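Me: Could you walk me through this model? I'd like to go topic by topic and ask as we go.

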Amino acid sequence: MTVESVFPRLEALLPHVQKPIQYVGGELNSTVKDWDSCDVRWALMYPDAYEVGLPNQGTMILYEVLNEREGVLAERSYSVWPDLEALMREHGVPQFTVDAHRPIKAFDVFGLSFSTELGYTNMLTALDLAGIPLNAADRTVDDPVVLAGGHAAFNPEPIADFIDAAVIGDGEQAVLDITDIVRAWKAEGRPGGRDELLLRLAKTGGVYIPRFYDVEYLADGRIGRVVPNRPGVPWRVSKHTVMDLDEWPYPKQPLVPLAETVHERMSVEIFRGCTRGCRFCQAGMITRPVRERSITGIGEMVERGLKATGFEEVGLLSLSSADHSEIADITKGLADRYAEDKVGLSLPSTRVDAFNIDLANELSRNGRRSGLTFAPEGGSERIRKVINKMVSEEDLINTVAAAYGNGWRQVKLYFMCGLPTETDEDVLQIGTMAKNVIAKGREVTGTNDVRCTVSIGGFVPKPHTPFQWAPQLSAEATDERLTKLRDSIRGDRKFGKNIGFRYHDGKPGIIEGLLSRGDRRIGAVIRAVYEDGGRFDGWREHFSYDRWIASAEKGLAGTGVDVDWYTTRERSYEEVLPWDHLDSGLDKDWLWEDWQDALEEVEVEDCRWTPCFDCGVCPQLGLDIQVGPTGKKLLPLTVVDK
Ligand code: SF4
């Protein structure tokens, strides 16, 4: 049955909304396949605005992997802004894909990728606009399977009421496996309806179906146990890991946005995983082990991607790009190859050390030399031991001196506040570090014209990390501590004027913490926020702390637990955590030992260069850690942006 495009109805609304171009589709390298010649159809959504969602690599990769398959189509959808949402409701226009403007409800699978928990209310908006019941239990065989992925899906319990399924880990192979199961079930005439399809997915052991697990609570509010309620459903669901990135050179044809987006560049993922062992970093923990793309594979992807898009900047992505064992050859090779075309290179999110200034020079060769951002994360040596960010102040000062000496005038330093065991003194040392950076910059450049900006985020403990048991610092205490730091920086006559200070407030962090470590009881809170008008919670101008707190009081009434219980409470070793039945590959006892090491300020080295610490990931996959030919040690300073 052919599905009609909603575009004629949508088009009439577009003159009345902001940035209508984000809804029209037709981007360079986008794909529209014939509906009737496909038997499995995916709608892929990044639940944020087009400008954030379009550059998302994960969605772009899955879009291409699925569309390459015969008989399978995938289309994209993004969150509509409240102005269009209101008009769509008024005129009965459903949530649509931007590719062929087909209604989401017509697809077999509705896959959403969550980089952050603050996108949950946007999922509810999309479901409601699509005409899909918000509660998974109310859906029929005519509704798509609502599937969550992305880093936030490693604890999907807060959205368990609303999703049918979740996949943890790498999506490339997983979406194809799911496609095969959906196809077979449809070809057999949908036996057993929706329940049977979900059961088939659950039995693979790699797709989590929340309805097939019962959660039992203890009298004190903690979880007693999580039990499968169907025969054949596994006790634990495993993570997906793609081992050879060269076999998955996606995106081959990156999408070129029509409207302005957060990244106007082409990205190539140069490796996945990280073994630095920063204890706060969920991405580093859940993406183990390290898997490098080969230098030739990277070269081919850059060449093909630039030809396909016309972009003038290439981002070499990973969690710490300077750690690729052949990074020097990669950056030099690319800078040489594209010197004439003025193609800029950037390493968003990487680490650099003093000896690596050559790398920074290569990166800026064809582009700007505006600012470097390093992420020491903690202000004092002591707290950096706690978080296992092995960098000394001396390393940082040397790096910064080299940067100033090589022409940079602006350095940004990124820190977190509210780390476990942190005191006021640890945070005040951030100011001392910034002053030392300015002093060194003045000395090296011989001018006063150097700047250092200190940017601070509130720490949020995350599942599947050694800090998953840690108490989160309250918003009030975080704000108080940072006010002291700000005053000490501003009050400094010698350096204060050259130091910028960026910090907003601790409230959004508490809500992120509630959603990150929440269980199924948080579903009622998310729903209450959505019903009260909550949208785009990741956007400061839309986020309302008061709405979340009022909704939490309403949603958690009668449960005996509250926001503090989920956020500022320390967990014990015995406690069953809401995500324990989702297997990230990390051994829980290893995480606990690492948490104890943190409390004792004991550091653990990077297992790329040292013997294995038995985190559990590699043996479970039956492999040795994958690294390239060199064993050169790099110091852990993060270049977040160039
Ligand atoms: S199993 Fe060992 S080598 Fe593999 S990631 Fe964990 S600590 Fe590193």
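What follows is a conversation about the ligand shell, the aromatic pairs, the cores and some backbone features.

Me: Before the details, what kind of model is it, and how are residues numbered?

Reply: This is a predicted model, in which local features need pLDDT of at least 70 and side-chain atom pairs count only at pLDDT 80 or more, while totals for chains, interfaces and linings use all residues. Residues are numbered from 1 along each chain as its sequence is written, and side-chain values use heavy atoms, with hydrogens and water left out.

Me: OK, which residues are around the ligand?

Reply: Around the ligand are T275, R288, C607, C612, F613, D614, C615, G616, V617, C618 and P619, where a residue is taken as near if one of its heavy atoms lies within 4 Å.

Me: And how does that shell split by class?

Reply: The shell has seven nonpolar, two polar and two charged residues, with Ala, Val, Leu, Ile, Met, Phe, Trp, Tyr, Cys and Pro counted as nonpolar, Asp, Glu, Lys and Arg as charged, and the others, Gly among them, as polar.

Me: D614 is in that list; where does it lie, and is it buried or exposed?

Reply: D614 lies in the loop between helix 20 (588-599) and helix 21 (617-621), with helices (H or I, at least four residues) and strands (E, at least two) being DSSP runs numbered from the N terminus. D614 is exposed, with a relative accessible area of 54%; buried means under 20%, exposed over 50%, and partly exposed in between, with a 1.4 Å probe and protein chains only.

Me: What about its phi?

Reply: D614 has a positive phi of about 60° although it is not a glycine. Most residues other than glycine have a negative phi, and most peptide bonds are trans.

Me: Which other non-glycine residue has a positive phi?

Reply: H464 has one, of about 65°, and this residue is found in the loop between strand 17 (451-458) and helix 15 (475-490). H464 is buried, at a relative accessible area of 4%.

Me: Where do charges sit over rings?

Reply: R76 lies over the face of Y63, at 5.0 Å from the ring centre, and the charged end of R569 sits over the ring of W565, 3.9 Å from its centre. The criterion is NZ of Lys or CZ of Arg within 6 Å of the ring centre and within 35 degrees of the ring normal.

Me: Which residues have the most contacts inside the largest nonpolar core?

Reply: They are W42 and F110, in a core of 116 residues; such a core is a set of buried Ala, Val, Leu, Ile, Met, Phe, Trp, Tyr and Cys residues joined through side-chain atoms within 4.5 Å. Apart from it lies another core, of 30 residues, among them L396, I438, V450 and V454.

Me: What does F110 touch?

Reply: Not counting residues up to four places away in sequence, F110 touches residues including A43, M45, I104, A126, L127 and P144, where contact means heavy atoms within 4.5 Å. P144 itself is buried, with a relative accessible area of 0%, and lies in the loop between helix 5 (120-130) and strand 4 (145-149).
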